[in-house]
Amino acid sequence: MTALTAIYSLTIPNVYKSTAKLEPVVSENNTSMGGLGSILGSFDSSLNQKIGKTQQALEIIESKDFFEKLYSKDNFLLMLMAYKTSLTGHTIDSDIYDSQSSAWVDGKPSFMEAYRKFYNEHFSKSAPKDTPFITIGINHYSQENSKRWLDMILDELDSYLKDR
């Protein structure tokens with residue numbers, strides 16, 4: 001039984017996860033109260049604002065407008081839809097994408113197909129309701145892609161929020 005388990009575990013591809021823990025930043029402009037009351041009042045207000053911004057950030061990250069930015073990035077769609085792993089390593093699935101002609105075999109995957117695959121198979125989130133923290137994670141068969149996609153999301157989120 002243990003030999004069978006060992007053989008089976010060697011055939012399962014590794015999945016790498018990159019994670020980031022984020023906390024929204026809220027500007028402190030409350031100077032109407034003085035002393036300790038001011039500090040405690042602004043802390044409570046700031047925490048509520050941060051929790052609200054946490055929910056807003058998650059809504060942005062999971063929005064179709066936000067995903068459009070990822071979808072249009074070089075190689076993102078290729079790594080999402082055609083990347084495969086085997087015992088011999090990582091490759092592009094030739095049944096999905098023809099690397100010789102740089103073309104999709106059955107046409108480019110639709111936006112919605114890519115959106116569903118990314119958020120169902122590669123994206124994870126955690127946002128406890130009573131804290132302002134968000135933990136987002138990206139799973140992929142390639143540790144480089146996992147890290148690259150997480151960095152891409154963080155950069156795009158930063159740009160998106162600055163432009164608003």
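The legends below describe close-up views of a predicted model. Local features are given where pLDDT is at least 70 and side-chain atom pairs where it is 80 or more, while totals for chains, interfaces and linings use all residues. Residues are numbered from 1 along each chain as its sequence is written, and side-chain values use heavy atoms, with hydrogens and water left out.

View 1. Ser146 belongs to helix α6, which spans residues 143-163; helices (H or I, at least four residues) and strands (E, at least two) are DSSP runs numbered from the N terminus. With a relative accessibility of 1%, Ser146 counts as buried, a term that stands for under 20% relative accessible area, with over 50% being exposed and the range in between partly exposed (1.4 Å probe, protein chains only). Apart from neighbours within four places in sequence, Ser146 makes contact (heavy atoms within 4.5 Å) with Tyr16, Lys17, Ser18, Ile138 and His140.

**View 2. Two edge-to-face aromatic pairs.** The structure holds 17 aromatic pairs, in which the rings of Phe, Tyr and Trp (its six-membered ring) have centres within 6.5 Å, with planes under 30 degrees apart counted as stacked, over 60 as edge-to-face and the rest as tilted. The ring centres of Phe67 and Phe76 are 5.8 Å apart and their planes meet at 70 degrees, so this pair is edge-to-face; both residues are buried. Phe118 and Trp149 also form an edge-to-face pair, at 5.7 Å centre to centre and 65 degrees between the planes. This second pair links distant parts of the chain, since Phe118 lies in helix α5 (residues 111-122) and Trp149 in helix α6, 31 residues apart. Phe118 is buried at a relative accessible area of 0%, and Trp149 is buried at 2%.

**View 3. Lysines over aromatic faces.** Lys21 lies over the face of Phe133, 5.5 Å from the ring centre, and Lys64 lies over the face of Tyr115, at 4.8 Å from the ring centre. The criterion is that NZ of Lys or CZ of Arg is within 6 Å of the ring centre and within 35 degrees of the ring normal.

View 4. Beyond its neighbours within four places in sequence, Ile153 is in contact with Ile61, Phe66, Leu70, Phe118, Phe123, Ile136 and Ile138.
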